[in-house]
Amino acid sequence: MQLRFSSMQVDVFALLVEARQRIAAMRAAIEAKRDFWLAQSDLTTAVNGGGSVETQKESRPTTTAQASGSGGGH
């Protein structure tokens, strides 16, 4: 996309849209990996006979709440 922009075959707004889509896809992939590892951790704890899952989930911070509260100034 950037090569086409450099040769003026695509406008700036199309380049920005493509960059936003790429960032959104990357963010979704990171969140999916995070959810997988959290679920894996919960499963391992349940199999090994650890504490209750509700207690663990309450102590685990959520990144979506942190991101929505601090990302307003960008």
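# Exercises on a predicted helical chain

At 1.5 Å a residue, the 37 residues of α2 should span 54 Å, and its end C-alpha atoms are 54 Å apart, so the two agree. The expected span is 1.5 Å times one less than the number of residues.

The model is predicted: local features need pLDDT of at least 70, side-chain atom pairs count only at pLDDT 80 or more, and totals for chains, interfaces and linings use all residues. Residues are numbered from 1 along each chain as its sequence is written, and side-chain values use heavy atoms, with hydrogens and water left out.

## Exercise 1: Confidence and elements

Find where confidence is highest and lowest in the chain, and list the elements from the N terminus on.

Step 1. Take pLDDT, the predictor's confidence in each residue, from 0 to 100. Its mean over the chain is 76. A value of 70 or more is reached by 55% of the residues.

Step 2. Go by element. Helix α2 (residues 12-48) has the highest confidence, at a mean of 94. Helix α4 (residues 63-70) has the lowest, at 52. Where pLDDT is low, the predicted coordinates should not be read in detail.

Step 3. Write the order: α-α-α-α. The chain has four helices and zero strands. Helices (H or I, at least four residues) and strands (E, at least two) are DSSP runs, numbered from the N terminus.

## Exercise 2: Burial and surface

Work out which residues of α2 are buried and which residues form a nonpolar patch on the surface.

Step 1. Set the classes: buried is under 20% relative accessible area, exposed is over 50%, and partly exposed lies in between (1.4 Å probe, protein chains only). Of the 74 residues of the chain, 5% count as buried.

Step 2. Apply this to α2. Its buried residues are Leu15, Asp42 and Thr45. Glycine 49 follows the helix, with a positive phi near 80°.

Step 3. Total the surface. The chain exposes about 6,300 Å², and carbon and sulfur atoms supply 61% of that area. Areas come from the Shrake-Rupley method with a 1.4 Å probe; for residues, only the protein chains shown count as cover.

Step 4. Look for patches. Members have over 30% relative accessible area and no salt bridge; like charges are joined within 9 Å, nonpolar side chains (Val, Leu, Ile, Met, Phe, Trp, Tyr) within 5 Å. Val12, Phe13 and Leu16 form a nonpolar patch, with about 310 Å² of accessible area together. Phenylalanine 13 lies in helix α2. Phenylalanine 13 counts as exposed because its relative accessibility is 62%.

## Exercise 3: Side-chain pairs

How many salt bridges and aromatic pairs does a search of the whole structure find?

Step 1. The search finds two.

Step 2. Take arginine 22 and glutamate 18, which meet at 3.5 Å, N to O. They are four residues apart in helix α2, so about one helical turn separates them. Arginine 22 is partly exposed at 48%, as is glutamate 18 at 23%.

Step 3. Take arginine 34 and aspartate 35, which meet at 3.0 Å, N to O. Arginine 34 is partly exposed at 28%, and aspartate 35 is partly exposed at 40%.

Step 4. Turn to rings. The search finds one aromatic pair. Phenylalanine 36 and tryptophan 37 pair edge-to-face, 4.9 Å centre to centre with 75° between the planes. Rings of Phe, Tyr and Trp (its six-membered ring) pair if their centres lie within 6.5 Å; planes under 30 degrees apart count as stacked, over 60 as edge-to-face and the rest as tilted. Phenylalanine 36 is partly exposed at 46%, whereas tryptophan 37 is exposed at 56%.

Technical notes. Salt bridge = Lys/Arg side-chain N within 4 Å of Asp/Glu carboxyl O.
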